[in-house]
Every structure is written in C-alpha cells, then in structure tokens.
Amino acid sequence: MSGLNPGYRRHLSVAAARHCCDSDCGPGVRPAAQMWTLRRKRRMVWRNQHETRMSAHKIIIDTDPGQDDAVAILFALACPEALEVLALTCVAGNVQLEMTTRNARRICELAGRCDLPVHAGCDRPIGRDLVTAEQVHGRSGLDGPDLPEPLMPVQRVHAVDLIIDTLHRQPSGSVTLVAIGPLTNIATAFEAAPDIIERVHEIVLMGGAYAAHGNVTPVAEFNIHVDPQAADIVVHSGVPLVMLPLDVTHKVLVTRARNAAFRALGTPVGRAVADLTGFFGRYNAERHGADAAPLHDPCTIGWLLRPDLFSARRVNVAIETQSELTMGMTVVDWWGVSGHAANATFVHDVDADGFFAFLTDRLARL
Ligand code: BDR
Ligand code: CA
C-alpha cells in the first residue's frame, strides 16, 4: 500500500475518518424540486434501457474529457443494446481532475443520462507531476460547444474504490475497462486490490505509438507519457489488453465532410460533436498545418462494437519509465525479436470511412 498514488492514499485516510457510506450524493445542497427531477429522469432512463441492457457488455469508461473523450462517451451511450456503461471514472490528464469530472457530467447531461454515476479519481500521476494539454483542448478541456454547468452530482465514492467494488460485485470476467486517459486510476486500483486483476474481462485503451511516433514528445503518446508508471503496471498486470495507439487513431481523421455530417444530424448532440471536433481541428490546423484532426478515444468504442473495421497484431509492449529523453515511449516488439510473450493486441489499421459512417449513424440516436 505504501507505493499507492499519494492522492488516493490521502483519500483513504479521509474516508476512514468520515465513515462515508453514501454513494449517491453530490457536493453542495440542491433544491428539493431539482433533486426530484433528477431522480425521476433517472428512473425513466433506467426503465427505457433495462430491456436492452440485459445482454449488453458491461464497461467502465475511465476518462479525462477532452473533446475526443466526450465523443467516445456519447458513442458508447448511443449503443445501450451492446454496451452497458456502469460508470464514468475520471482522472487528471487533459486538464485538472476537477475539470475532467465537470466535463464528464456535462457530456452525460447532453446525452440525457443524468443517471450515470460519475466518480472523481486520482488528481495526479503515480510518482510524477501532472502534465496537462490545455493547448490542445482549451482551458476547460471541452472548449468548442456551449455546454451548461452540470447539475448532476459527482458520486462520493472515489473512482479507484468504484473500480475495485464493481469488479468484486460483478461476475468475474464480465466487466471491461475502457481507458481513454492516463492509466492512473486503473493502476492504483490494481495496486490497492490485486485480486481484481483476474476478474477484469479486458482493458481496451487508447494510448501508445509505434510507427506513428509520439504526439507529446518525439516518441511518447500523451496518455502513456502523463503516467508511464501506471502504464507499466497495467501492461505487466497480465490482464488481456487491447491498445489503440496513434498508429490507428491518426487514420481516423475528422475531415470537413465528416464534421459536416455530424452537424447535419440536426440534433443538439450532432451540433455539439461538430463543435467539439471542430475545436480539436483548429489546434491541428494551427500546429501541424493539417486540415483534419485525429479522433483518438472513440476508436476504443469502435473496436468494441465493430472489430471488423480494424486490423490488429499480437505483440509484446513495454513502457519506458527511466529515461527522461524517452519517458512514456511504448516499445513495441513488432517482429517478435525480444523473446517476450505477447501481452497486447495492438490495433494499427482501420476502415476510416466505415468507422465514421457507423459513428455518425449511432450518434443520430441520441
Ligand atoms: C490522447 O490524449 C488526449 O489528449 C486525448 O484525449 C487522447 O486520449 C491522445 O494522445
Ligand atoms: Ca482522453
């Protein structure tokens, strides 16, 4: 336990002192009428989706929203017949934890899902200072659309505890962790409760790079670079792992035509997704002179729903955690020369037209 993320360790001692047991109350006091509306909405959504959820695949989305995280969350929520989103667990990454938790709730409310539990997790990486990406995502992390302040609560249960409790409670092998931010929450949960590792169905993560090189240093991708120690714990955990690195996400480009197709849905969600991806696109245009930006995180949901659209290869992946020069590099044994057993399914290619047609079609449901 002494190696645990310091933020989570502090949370453990505070929680022990408080004897907190309420899992469903947010910060601040809400007017009774507002709480009643939230509860009623929650019951209605649950009733509508209960039938379809019976055979859906259970997932927890661990996230640091982020425009592309937002689209990934909407994508998953648009497919309740296939994916049952149990919770959103937030982590510091693109912006500080307080903002990622706020953004996750703004997205839930946009999707009409005030019932979905949103949990705040680790506010800093394991053993390193937090590096954020406001230059890419804007000051809020979700610049672009004009989304209101969220009304729904943040759950009192820490995201790490939620991951641990869920994996203990649900049948072993039934829950997939979809990781679209730094891996701090998941690695911290594995360190705190190693018995959950064998209960995870698999981890599907956006992160890493091989032939595509890095997007935050010459060799490192952002999610892995922010918390390389966490990534190292995860890749060595033995959990079945699917990685969607920059090699594939840089082929999933939001061109003008694809952005226009989101807007043409004519719904609040379609307009918001067009504004979100438009904002992301502006950064790419200014920084790289590119006329289309990669839509990283939704690739994880695309893989879960339509693996036929992707190509992948079983490889061994190791994480650089020592050298400051190459910190967070994913060292991919493409040709099997290391003698180390494969520990990841590394997704490297995609039918991008098929992906966008499917994504746009599903977003039309919200
Ligand atoms: C990843 O970093 C973040 O900025 C995005 O949300 C995505 O998860 C891409 O490198
Ligand atoms: Ca992200």
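Q: What makes strand S9 and strand S11 a pair, and in which sense do they run?
A: Strands pair if DSSP finds at least two bridges between them. S9 (residues 310-319) and S11 (residues 344-350) share six bridges, in the antiparallel sense. So they count as paired. In S11, aspartate 349 is the bridge partner of serine 311. Strands here are DSSP E runs of at least two residues, and helices are H or I runs of at least four, numbered from the N terminus.

This is a predicted model, where local features need pLDDT of at least 70, side-chain atom pairs count only at pLDDT 80 or more, and totals for chains, interfaces and linings use all residues. Residues are numbered from 1 along each chain as its sequence is written, with chains lettered from A and ligands numbered from 1 in the order in which they are written.

Q: Why do strand S3 and strand S10 stand at the edges?
A: The open sheet has nine strands in the order S3-S2-S1-S4-S5-S6-S11-S9-S10, with mixed pairing. S3 (118-120) and S10 (330-333) each have a single partner strand, so one side of each lacks a neighbour in the sheet.

Q: Which residues does isoleucine 203 touch?
A: Contact means C-beta atoms, placed from the backbone, within 7 Å. Isoleucine 203 touches Leu177, Ala179, Ile186, Val234, Val239 and Leu241, not counting residues up to four places away in sequence.

Definitions and conventions: Contact = placed C-beta atoms within 7 Å.
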